[in-house]
Structures are given as structure tokens and as C-alpha cells.
Amino acid sequence: MKKAYLLLADGTRFEGYAVGYAGQSIGEVVFNTGMAGYQEVLTDPSYYGQIVTMTYPLVGNYGINFDDHESRKSWVSGFIMREIAEHPSNWRCKLTLDAYLKEQKVVGLAGIDTRRLTRKLRNAGVMNGVIYTEGYEPDEQTIAAMQHYVVKDAVQSVTCAAPTVCPAEGTQRYRVALYDYGVKYNIERELQRRGCEVTILPALTAPEDVIGRYDGVMLSNGPGDPAENVTIVQNLRRLLASGMPIFGICLGHQLLSLAIGAQTEKLKYGHRGVNHPVKDLDEDRTYITSQNHGYAVVGDSVDPAVARVRYVNLNDGTVEGIEHRSRPVFTVQYHPEVCPGPMDTSYLFDKFIENMQQAKGGTQ
């Protein structure tokens, strides 16, 4: 069994054994606290440029199937776990996790103390690292590149190249423009099962190609620093001015918040897992949510005359969603499309449908 290593920017090195693809990869090292859902994690475009550590000690025990992918491929820069299950057991299993990582050319590392690594990231904050297998040791140039690594051009790297039309399930009631900033399949599915024909659009699609042609606009999740996307934010301001119903998730929430004049900030170690408590301030109700983000909207920067903060994170008080004061526009930082995670917040898609119905005069 070949050895593998993780070298962090502060010089700390972890030694374990190699799984998946043999090689070397640089990325931002983060951790996910989910007990399940590793297949969804691997195929979530929001992890672009990141080496993901799973805190649950055993990963791969139900293998990989062909139904639960969240996008067309794996986007992670590396994958770390305490122990990998070599003999998965599940009736839907088609591949072992090790075989899938090899297929997707993802460098994996197992056999390290993931608790120690997670504590380091929680205390010091997210940091860069290089993951490598025996025989691919980084040289000085690689180490320097790792130390200065920044996730750049993330949205442009994961978005689709051309529009794709996805038909509604059953009777078509609405046409939705879904901006792909790193979209997960389940957003599309939630809309389709509610009677929406969904057109998935490249991230830089001009507002003029959307306004008047669709009943509503969906803004997807995605990777990277939201403030980097200057052109997208400018486009969203024009979409806001149109009065169309808009629903933003995760990065879509952050970008829309920037469009109304708010600010974003990088979190110390982000929110990544399926157990994050979020309070709905209107309903005085708490939901357990699925999350994956390293940036957050600064609460004090949201102009109360334009929008109000409706949802907050009960762990650290960060903004988890806003509602526009005069437009049928709302956003959430968490993932109501639920893979992985509980289904408590899928009602938000119904709220988006209601907004489109009212915008059409309540005729459907």
C-alpha cells in the first residue's frame, strides 16, 4: 500500500496511505461534518479548488451509485478521510469509492488523524495544502505555489458552456431561467417536479436574454469569492430592476446581496455539513440545514430600507437569507434542495412558485 501525505501551508505534515488517483494536487483544505453524503460532496461544484476532509471516521461504506451525483463530475482537488471502506454494501452500489476517485483523477488520503486536522483548521482557520502520493513529493516551487494559492475564476470554471432546456414533470406551468454558478442537479429537479420548464444558463448570460422570456429566475450555488464576480453582480442589478421573481441559493444569495449594496466576508473555516441550525426570524422556528460555503453576507451591510435579514445561523449569528422589501425576491445561504441533508426547507421552492404565480396575475 502506497503512502500519501498532506502538507499544510504552516509546515504541518500528515502521513497516511494513498487511495484514489496517484499524483499531487494543491487546494484550500476544508472539512465537512456530514455523516453521509460523500458522493454528493465529491460532485458539488461549490468544492472547486478545495481539498475536502470528511470528519466522520468511515467513508465509502455504501459505495458510489449513478443516481446521486450533484453534477457531471467531481470538482474537489483532493479527498481526505480517516478510513475508507474497501468492501461497500448497498443494493445501488456500482463502484467503490476508491474506484470512483481513480476514475475522476482525485488524489485521496486515508489513515490520518482527521480529528487533529479538523481541530487545526478550526483553530487556525482554513489554510492551503498540497496532497500527494508517494513518488510525487512537492518541490520548492510547488510548495511556494501552494502557499500563495487562491481559488480564482471559480464560477467561470464550473459553469455550463451553453443553455440546456430541462422539461417540466407533468403539465408545464412556468418557465424558469436557472443561472449556473455551479448548479447542483437537485435544484433543477425540485423545480421540474413543480411544473417548471428549467433552462440552465451560463453564468454570464445577459439579463436581456432573460427579462420577458421567463416567469422567474433561479440563482444557483457555486464556488469561490462572491466579490470576484463583478460582471454577474452588475447583471443581477438589471434583473432586480425588472421586477421578476428571483430566488437565490448559497452563492446566488451572496451575489444578490452584493447587487443590493451589501458586503461579503470570508469565514474562518466556513459552514460545511448537514447539521447547521438556522432560525427563521419571522416564524420563530429553527431548521436543521445542509450547508457548504466559506463566505457570508455581512449582516450590518444589508440596507434595511432595501431588504431585511430573515434567516440567521444559530451557531455564529451569520446571515442565512434575506427578503427584498419591494420585489418578489428572496435568498437563503443554506441548501433547501437537500442532497445531502434533511428536507425541512424544500418549502422554499413552493414560495418561489407562489411568487411566479402572483407575478402572472394568479392565473395558475
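Residues are classed here as buried when their relative accessible area is under 20%, as exposed when it is over 50%, and as partly exposed in between, with a 1.4 Å probe and protein chains only. On this scale, buried residues make up 56% of the 364 residues in the protein. The structure is a predicted model, in which local features require a pLDDT of at least 70 and side-chain atom pairs count only at pLDDT 80 or more, whereas totals for chains, interfaces and linings use all residues. Numbering runs from 1 along each chain as its sequence is written, and side-chain values use heavy atoms, with hydrogens and water left out.

The protein contains nine helices and 19 strands, where helices (H or I, at least four residues) and strands (E, at least two) are DSSP runs numbered from the N terminus. Taken along the principal axes, the box filled by the C-alpha atoms is roughly 65 × 45 × 40 Å. The radius of gyration of the protein is 20 Å, which agrees with the value near 21 Å that a compact globule of 364 residues would have; the radius is taken over C-alpha atoms, and the globule rule is 2.2 Å times the number of residues to the power 0.38. With contact defined as heavy atoms within 4.5 Å, 75% of the contacts between residues at least 6 apart in sequence join residues at least 24 apart. The protein exposes about 14,900 Å², of which carbon and sulfur atoms supply 47%, the areas being computed by the Shrake-Rupley method with a 1.4 Å probe, and for residues only the protein chains shown count as cover.

The buried residues of helix 6 are Asn 186, Ile 187, Glu 188, Glu 190, Leu 191 and Gln 192, and they pack against strand 10 (164–166), strand 11 (174–180), strand 12 (196–202), strand 13 (216–219), strand 14 (246–249) and helix 9. In helix 3 (residues 114–124), Thr 114, Leu 117, Thr 118 and Leu 121 are buried. Seen down the axis of helix 3, these buried residues fall within an arc of 100° (from the directions of the C-beta atoms relative to the helix axis), so they line one face of the helix. An α-helix has 3.6 residues a turn, so residues three or four places apart point the same way. Arg 115, Asn 123 and Ala 124 are exposed on the other side of helix 3.

Thr 12, in the loop between strand 1 (3–8) and strand 2 (13–20), is buried, with a relative accessible area of 14%. Its C-alpha atom is 9.6 Å from that of Leu 117, although Thr 12 and Leu 117 are 105 residues apart in sequence. When neighbours within four places in sequence are left aside, Thr 12 is in contact with Leu 6, Leu 7, Arg 116 and Lys 120.

Aromatic side chains were examined by a ring-pair rule, under which rings of Phe, Tyr and Trp (its six-membered ring) pair if their centres lie within 6.5 Å, with planes under 30 degrees apart counted as stacked, over 60 as edge-to-face and the rest as tilted. By this rule the count comes to nine aromatic pairs. One of these pairs, Tyr 311 with Tyr 334, is edge-to-face, at 5.9 Å centre to centre and 85° between the planes. This pair links distant parts of the chain, 23 residues apart, with Tyr 311 in strand 17 (residues 307–313) and Tyr 334 in the loop between strand 19 (329–332) and helix 9 (347–359). Tyr 311 is buried at 1% relative accessibility, and Tyr 334 is buried with a relative accessible area of 0%. Ring pairs also link Phe 247, Phe 330, Phe 349 and Phe 352 into a cluster.

Charged groups were assigned to a ring face if NZ of Lys or CZ of Arg is within 6 Å of the ring centre and within 35 degrees of the ring normal. Lys 351, in helix 9, lies over the face of Phe 330 at 4.4 Å from the ring centre. Lys 351 is buried, with a relative accessible area of 18%, and, not counting residues up to four places away in sequence, Lys 351 touches Arg 310, Tyr 311, Glu 323 and Phe 330. The charged end of Lys 73 sits over the ring of Trp 75, 4.2 Å from its centre.
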